[in-house]
Amino acid sequence: MSDRISLTGLRAQGTHGVLDHEKVEPQDFVVDVDLWLETSDAVESDDVAQTVSYADVADEIVAIIEGEHADLIETLAHRMITRLSEFPVDGIAVTVHKPHAPIPHQFEDVSVTMEWWRTIEPDTYEVVISLGSNLDHPHIHIRSAVEEIGISYDVLAVSGIYATAPLLEEGQTPQPNYMNAVIMVRTSKELEHVLEDLQFIEDQHGRVRDARWGARTLDLDIIKAAHFASNSPRLTIPHPRAHLRRFVLQPLADLLPDLILPGQTRTVTELLRSLPETPRAARLPAGLAARQPL
Ligand code: A4P
Ligand code: MG
C-alpha cells in the first residue's frame, strides 16, 4: 500500500524564463507536490524520521525555485523530481505553476506537471546448472542446451565441455563416455520454474527416464541456487552429490574454482584435488567443444 503526502500552493520567487527581464527580475513560482510512500512504520512509531518530512520537501523545492536559472518550468519540475526521488518515496507528481508568465493575454495560470515512479527491480539470483549427455552426439546436445537455456535466462558463464568416464552403479551395463559442462545463469524466476524449464529442455532433447543413472541424451541438474536449500525429492538443493563428482567439479572449476559449495568446507579446486584420479575428465578442444568461448 502506498500513502500520499500532498503539499500545495508552495510559493517562492525565482528568475526563470526565456525572456531577458525574467532572468533578472524575480517572479512567483507556485508548486504542488504529491509524494507516494509507505507510512506504516511512521504510524507505528509516530516518529518523523520514519517518513518524509514535508518541511524538508518544502526546503528542497524552494531551494530549486530560488536557485540556478532555468529557461523552462519543465526544467524546474525535472530538477524537483530528481531531488525528491532521493527521499524514500515510491512515486512523485510535481506541478510547477507560473502565474505571471509573460503571456500577452488574460489567463489564470500556466503550469507543467511531471510524474515519476520508482521502478522496482525484481530480485534476481544466480543458479549453477550441470549438463550431462552420453547419447546421440553428446557435445551437440550440450551446446544446443546452453543456447536454449540462454533464451530465457541471463547466462553469466559457461564452462568448457569435458569428456568424462561414466560413473555407474555397481554391476550396471557399460555406457558411452559422457560430455559434461556447467552453466551459471541469473534469473528472477522461482526455482521451481527453473526446474520445470530444465526438464522441458531435457524432454525436447528426447530424454528418456528409465533406469537410474541410465544413458541419457541430456541431463540438467541444479547444483546450487544462491542461498536456497531444499530437501524434497523433487528438488534437492544444493545437489547432494555434486561435491563428490569430477564430472561436475571439473567444469565448475572453470567458472568458480574458489567456490565453497553449501555444506562443504573446501573449495571446488580442493575437492577436485581430493578425488581419486579416475574416472578421468578431459576438456574437449575448444573448436570441437564450442562456438562460444566455452
Ligand atoms: N531432482 C531433485 N533435485 C534436483 C536437482 N537439484 N536438479 C529431481 C535437478 N533435478 C532434481 O532426475 C530425477 C528427479 O530428480 C527429477 O524428477 C527431479 O525432480 P533425473 O534427471 O530424471 O534423474 P537422474 O539425473 O538420473 O538422477 P540423479 O540421481 O540426479 O543422477 P545424477 O546424480 O545426475 O547422475 N557419469 C558421468 N561421467 N557424467 C554424468 O553426467 N550422470 C549420472 C547421473 C551418472 N553418471 C554420470 C553422469
Ligand atoms: Mg538429473
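Let me begin with the arrangement of the protein chain: the centres of domain 1 and domain 2, taken over C-alpha atoms, are separated by 56 Å. Domain 1 covers 3-117 and domain 2 covers 125-283, with bounds that come from an automatic or database domain assignment. This is a predicted model, in which local features need pLDDT of at least 70, side-chain atom pairs count only at pLDDT 80 or more, and totals for chains, interfaces and linings use all residues. Residues are numbered from 1 along each chain as its sequence is written, while chains are lettered from A and ligands numbered from 1 in the order in which they are written.

I turn to helix 2, residues 54-66. Helices are DSSP runs of H or I with at least four residues, strands are runs of E with at least two, and both are numbered from the N terminus. The 13 residues of helix 2 reach 18 Å from the first C-alpha to the last, close to the 18 Å expected at 1.5 Å a residue; the expected span is 1.5 Å times one less than the number of residues.

Which residues of helix 2 are buried? They are V57, I61, I64 and I65. A residue is buried if 20 or more other C-beta atoms, placed from the backbone, lie within 10 Å of its own, exposed if 12 or fewer, and partly exposed in between. Seen down the axis of helix 2, the buried residues fall within an arc of 100°, so they line one face; the arc is that of the directions from the helix axis to the C-beta atoms. An α-helix has 3.6 residues a turn, so residues three or four places apart point the same way. The face turned away from the buried side carries the exposed residues A55, D56 and D59. Strand 1 (3-14), strand 2 (27-37) and helix 3 (73-84) are included in what covers the buried residues of helix 2.

Next, two individual residues. R216 is found in the loop between helix 5 (191-204) and strand 9. R216 is buried, with 23 other C-beta atoms within 10 Å. Leaving aside neighbours within four places in sequence, R216 is in contact (C-beta atoms, placed from the backbone, within 7 Å) with S133, N134, L135 and R207. E192 is found in helix 5 and counts as exposed, with 11 C-beta neighbours inside 10 Å. The C-alpha atoms of R216 and E192 are separated by 22 Å.

Finally, the shell around ligand 1: of its 21 residues, G132, T164, L167, Y178 and F247 come nearest. A residue is near a molecule if its C-beta atom, placed from the backbone, lies within 6 Å of it. Strand 9 gives the most to this shell, with 3 residues.

Terms used: Contact = placed C-beta atoms within 7 Å.
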